[in-house]
Amino acid sequence: MITKEEVYKKAKEYLDKSKTQYTTIDVDSIKFEENETVSYGKYEGNKLNIYSVCFGQLWGMEERSMFVDIDAETGEILYIVTPHGYMDVEE
């Protein structure tokens, strides 16, 4: 299983590489979820241990929270959760 520090690094690298604009990454709110049923993407319906990393993005005058969900066992980035649904990650 990967550590929270590795999760933070993977999330930041992915956001930077994909040129996703963000204002903050909330290190303190990285959340581990055990045996979570995956809601979206290629693993939809499977139970995985995942980390959720919150990041903020400016929408006009306000900052909205979004999440990068990462497989806690493999470190694979699963998807991004936005206020409008989810986005598959580009590899």
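Mentor: Two strands pair if DSSP finds at least two bridges between them. Strands (E, at least two residues) and helices (H or I, at least four) are DSSP runs, numbered from the N terminus.

Trainee: Where does the model come from?

Mentor: The model is predicted; local features need pLDDT of at least 70, side-chain atom pairs count only at pLDDT 80 or more, and totals for chains, interfaces and linings use all residues. Residues are numbered from 1 along each chain as its sequence is written, and side-chain values use heavy atoms, with hydrogens and water left out.

Trainee: In what order do the strands form the sheet?

Mentor: Strands of a sheet pair through backbone hydrogen bonds, either parallel or antiparallel. Here the order is β1-β2-β3-β4-β5, in an open sheet of 5 strands with antiparallel pairing.

Trainee: Which strands stand at the edges?

Mentor: β1 and β5 (85-88) do. Each has a single partner strand, so one side of each is left without a neighbour in the sheet.

Trainee: How many bridges join β3 and β4?

Mentor: There are 4 bridges, and the pairing is antiparallel.

Trainee: How many salt bridges does a search of the whole structure find?

Mentor: Side chains of opposite charge can pair when their charged atoms come close. The cut-off is a side-chain nitrogen of Lys or Arg within 4 Å of a carboxyl oxygen of Asp or Glu. By that test, the structure has 4 salt bridges.

Trainee: Where do K12 and D16 lie?

Mentor: Both are in helix α1 (residues 4-17). They sit 4 residues apart, about one turn of the helix.

Trainee: Are K12 and D16 buried, exposed or partly exposed?

Mentor: Buried means under 20% relative accessible area, exposed over 50%, partly exposed in between (1.4 Å probe, protein chains only). K12 is partly exposed at 30%. D16 is partly exposed too, at 41%.

Trainee: What parts does the salt bridge of E76 and K42 tie together?

Mentor: The two side chains meet at 3.0 Å, N to O. E76 lies in the loop between β3 (62-71) and β4 (77-82), and K42 in the loop between β1 (24-37) and β2 (47-59), so the pair ties together parts that are 34 residues apart in sequence. K42 is exposed, with 61% relative accessibility. E76 is partly exposed, at 23%.

Trainee: At what N to O distance do E62 and R64 meet?

Mentor: Their salt bridge is 2.9 Å, N to O. E62 is partly exposed at 40% relative accessibility. R64 is partly exposed at 28%.

Trainee: Which strand holds N35?

Mentor: N35 lies in β1. Phi of N35 is near 50 degrees, again a positive value in a residue other than glycine. Recall that β1 is one of the edge strands.
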